[in-house]
Amino acid sequence: MTLTITQFDAPFGAEIRGLDLSAPIADEDFAAVEQAWLDHHVVAIRGQRLDAAGMVDFSRRFGDLESHMLDQYHHPETPLIIVLSNQVEDGRSIGLADAGSFWHSDVSFRERPSKTTLLYALEVPAEGGDTLYCDMIAAYDDLDNTMKSRLDGLMAVHDYGYRDRLQGERGATVVLSQSQSEATPPVLHPVVRRHPDTGRKALYVSPGVTERIEGLQAAESDELLKAIFEHCLQDKYRLVYKWRAGDLVAWDNAAVMHAATTDTLDPAKGRTLWRTIVSGGPTH
Ligand code: SIN
């Protein structure tokens, strides 16, 4: 099979064709996948049929996997997959119905945020449940030099608990148990982060998890974050991903932030995906 990479009709993102992920992937093919992931930030490999072991094996090609702290939603065969689903069986949710209908970069609430996230769609509605992405490298590149100098060296506080404090504004989110909450204290990351592989600079703040900029008065921090988010969230930096069953999508958390839209999805429209998280290194 020949592997081809076709850019989406969108500001970024690409589809990779010519791979069957249920079979072992040759090193040279995975090198091409990884390069496409770096170049396009979000890559989709459609028409796949994966079991849990196959999903874990392919995800591991990107690096070590970590299990999500919400262990109630782990896949029954492996804690390395978290099930995202709005389906209920025997009165019990089979997965996390809304993994984050707000802009965020995965696991930025930890010192070592996720490198890559992979999602595999088992069941998706014909309409709705899209995933939104925002290109934080392009958004950084387009800032004027005054803003780039202002952001240089600033650190921001990322706090998982910030989601709960914003709950009224954003709709239902997950409330952590006391032990889960104690395991996720606020952490600092640079506002402008160098990509660990390419060295390119990206904005690394998000409306859902970045509470404030360290060392600034609250009003100044709020005003600066608002200006950054208004800039990033322009359509020219955005990708809307429309799912089909069998899609495997991998994205680069150092290059994009993303948002689910499951907060507004009709629960009668079934949506079930598996997610794996690839570990990343420190940001500074
Ligand atoms: C996520 O935020 O990781 C999940 C995205 C989605 O369910 O669309």
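Helix α1 is followed by His-41, whose phi angle is positive, near 75 degrees, in this predicted model. The helix itself spans residues 27-40 and comprises 14 residues. From the first C-alpha to the last, α1 reaches 20 Å, close to the 20 Å expected at 1.5 Å a residue. Its buried residues are Phe-30, Val-33, Ala-36, Trp-37, Leu-38 and His-40. In an α-helix there are 3.6 residues a turn, so residues three or four places apart point the same way. The buried residues of α1 pack against strands β1 (4-7), β2 (14-17) and β3 (42-45), against helix α2 (52-60), and also against β9 and β17.

Strand β9, one of the elements packed against by the buried residues of α1, covers residues 116-123. The strand is mostly covered, with six of its eight residues buried. β9 pairs with strand β17 (residues 248-252) through five bridges, and the two run antiparallel. Within this pairing, Thr-117 has Trp-251 of β17 as its bridge partner. β9 also pairs with strand β19 (residues 272-278), again in the antiparallel sense, over seven bridges. Here Leu-118 stands opposite Thr-276 of β19. In a regular strand, side chains alternate between the two faces of the sheet.

A further set of strands, β12, β11 and β15, forms an open sheet of three strands in the order β12-β11-β15, with antiparallel pairing. The edge strands are β12 (187-190) and β15 (210-213), each of which pairs on one side only. On average, neighbouring strands of this sheet are turned by 35 degrees against each other, direction ignored. Strand β11 (residues 155-158) is joined to β15 by three bridges, and these strands run antiparallel. In this pair, His-158 stands opposite Thr-210 of β15. Strands of a sheet pair through backbone hydrogen bonds, either parallel or antiparallel.

The cysteines were examined next. The structure holds zero disulfides. Cys-134 is in no disulfide, and the nearest cysteine sulfur, that of Cys-232, is 5.0 Å away. For Cys-232, the closest cysteine sulfur is in Cys-134, and the distance of 5.0 Å is too far for a bond, because a disulfide requires the two sulfur atoms to be within 2.5 Å. Cys-134 has 0% relative accessibility and therefore counts as buried. Cys-232 likewise counts as buried, at 0% relative accessibility.

Note on methods: Residues numbered from 1 in each chain as written. Predicted model: local features only at pLDDT ≥ 70, side-chain atom pairs only at ≥ 80, totals over all residues. Heavy atoms only, no water. Buried < 20%, exposed > 50% of the residue type's maximum accessible area, 1.4 Å probe, protein only. Helix = DSSP H or I, 4+ residues; strand = E, 2+ residues; numbered from the N terminus. Pairing = 2+ DSSP bridges. Axes fitted to C-alpha atoms, helices over the stretch in contact; angles between N-to-C directions. Expected span 1.5 Å × (residues − 1). Contact = heavy atoms within 4.5 Å.
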